[in-house]
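Here are a few notes to read alongside the model. Take them one at a time, with the structure open beside you.

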Amino acid sequence: MAKLWTTFLKDAKLSFQGLYFYIEIGLALIFIAVMLFVVPENFDQNQKAFIFANVDESVLDQLSDEWSEVDPSYFVDSRKDLEAALEEDRSAVGVELRQEDGKLVFDFVLQGHESPAMKNLLKGTLEASFLTQIPGFDTQVEESVLEPDAKRLSDRENVLPIYLTVNMGLMGLFIIAAYIFLDKDEGVIKAYAVAPVRIWQYLASKVMIMMLMGILTSLLVVVALTGFKVNFILLLGLIVAFNFFGSALGLLLSSFFDSMTKAMGALYAAVMIMILPVISYFAPSFNPVWIRFFPTYPMMFSFRSLLLEDTNLAYMGMNIGLFLVLGVLLFIAAAARFKKSLTV
């Protein structure tokens with residue numbers, strides 16, 4: 001262990017003098033700045049609608065009470081102004097109110113990207129508003145909620161599990177490969193064949209460097225965006241387990257190649273495949289069983305449970321144990337591969 005610790009201290013000193021460490025810190029600071037100054041705490045979920053009332057003054061007088069709470073800026077004076085307003089705000093919809101054969105007609109003006117479900121929702125919302133105006137109308141619609149006290153993250157916090165997963169499981173995969181190939185180019189790895197330090201100690205030192213960088217950048221981002229509300233013991237457990245898995249996977253992949261250029265394709269493919277669960281994270285309706293087997297799936301939802309201050313400790317504890325075991329297996333395989341390549 002003394003040799004491992006000595007190797008780690010030497011690698012840590014070299015890392016602090018190198019560029020990768022400061023790139024990681026810089027990326028973390030850029031992410032924090034974007035989240036704090038560009039991304040709102042919560043996105044506006046309201047549907048904005050511009051209105052062109054192409055009707056007589058008498059009709060406008062009848063509707064004045066209904067529209068008394070509508071922001072005056074949403075009213076436009078002509079169809080041309082209505083379309084211009086929609087051009088400026090591509091998320092809004094328009095409504096032209098006109099008279100036809102003595103009846104009021106509501107003409108929705110849409111952008112073109114609305115789904116059939118959204119069109120039906122807009123139409124149903126308008127029709128429901130008329131139903132409620134019928135004397136004696138009593139709604140028979142009731143609602144029940146399975147988890148009335150369910151917690152939810154703000155839209156800003158909801159992005160954080162993605163960053164942590166990419167930072168822990170995917171970025172480490174690239175960076176540790178870069179460290180290995182840099183040492184290969186300089187002949188450092190072959191020197192270990194005759195050095196008193198074993199190859200697994202050299203690889204473990206690289207993993208510990210990645211773990212140190214992961215802990216520093218993750219704590220920096222989590223504290224900056226959420227404060228001190230999370231369970232930091234669990235956070236450290238998740239960071240160590242996921243980072244160890246990602247680094248060990250990067251070591252194993254890089255052991256099959258002799259240069260970063262040749263390994264880039266395999267590393268890039270691994271990242272692209274493992275990022276797929278992001279779709280299920282942001283669109284829960286797409287959640288097939290097969291996508292839950294991707295390593296990044298439990299990573300993202302473990303970080304999400306942590307930020308929600310979830311009491312499901314068993315789920316997070318199980319994932320910590322699972323990824324530590326997988327990391328050990330990958331590390332043993334990588335060490336065997338590197339040891340073999342030195343003796344050929």
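1. Residues 202-225 are 100% helix and 0% strand, and their end C-alpha atoms lie 35 Å apart. Helices here are DSSP runs of H or I with at least four residues, strands are runs of E with at least two, and both are numbered from the N terminus. Bear in mind that this is a predicted model, where local features need pLDDT of at least 70, side-chain atom pairs count only at pLDDT 80 or more, and totals for chains, interfaces and linings use all residues. Residues are numbered from 1 along each chain as its sequence is written, and side-chain values use heavy atoms, leaving out hydrogens and water.

2. The unreviewed UniProt entry lists "transmembrane region" at several spans, including 202-225 and 263-282. Such annotations may be inferred rather than shown by experiment, and the positions follow the numbering used here, with shortened feature names. Over residues 263-282 the chain is 85% helix and 0% strand, with 30 Å between the end C-alpha atoms.

3. Is S205 buried or exposed? S205 sits in helix α8 and is buried, because its relative accessible area is 0% (buried means under 20%, exposed over 50%, partly exposed in between, with a 1.4 Å probe and protein chains only). Not counting residues up to four places away in sequence, S205 touches L4, T7, F8 and D11; contact means heavy atoms within 4.5 Å.

4. Now look at the largest nonpolar core, which has 64 residues. A nonpolar core is a set of buried Ala, Val, Leu, Ile, Met, Phe, Trp, Tyr and Cys residues joined through side-chain atoms within 4.5 Å. L160, L203, V221, F242, L251 and F331 touch the most other members. Among the elements giving two or more residues to this core are α1 (2-17), α8 (199-226) and α9 (232-254).

5. Beyond its neighbours within four places in sequence, its contacts include M168, G169, P298, M299 and F323.

6. How do α9 and α12 pack? Their axes, lines fitted to C-alpha atoms over the stretch in contact, are 11 Å apart at an angle of about 170°, on a scale of 0 to 180 degrees between N-to-C directions. So α9 is roughly antiparallel to α12, a term for angles over 145 degrees. L234, L235, L238, F242 and F245 of α9 meet P298, M299, S302, F303 and L306 of α12.

7. Finally, L329 in helix α13 counts as exposed, at 52% relative accessibility. L329 and A248 are 81 residues apart in sequence and 8.5 Å apart in space, C-alpha to C-alpha.

Methods:
Parallel < 35°, antiparallel > 145°, perpendicular 65-115°, else oblique.
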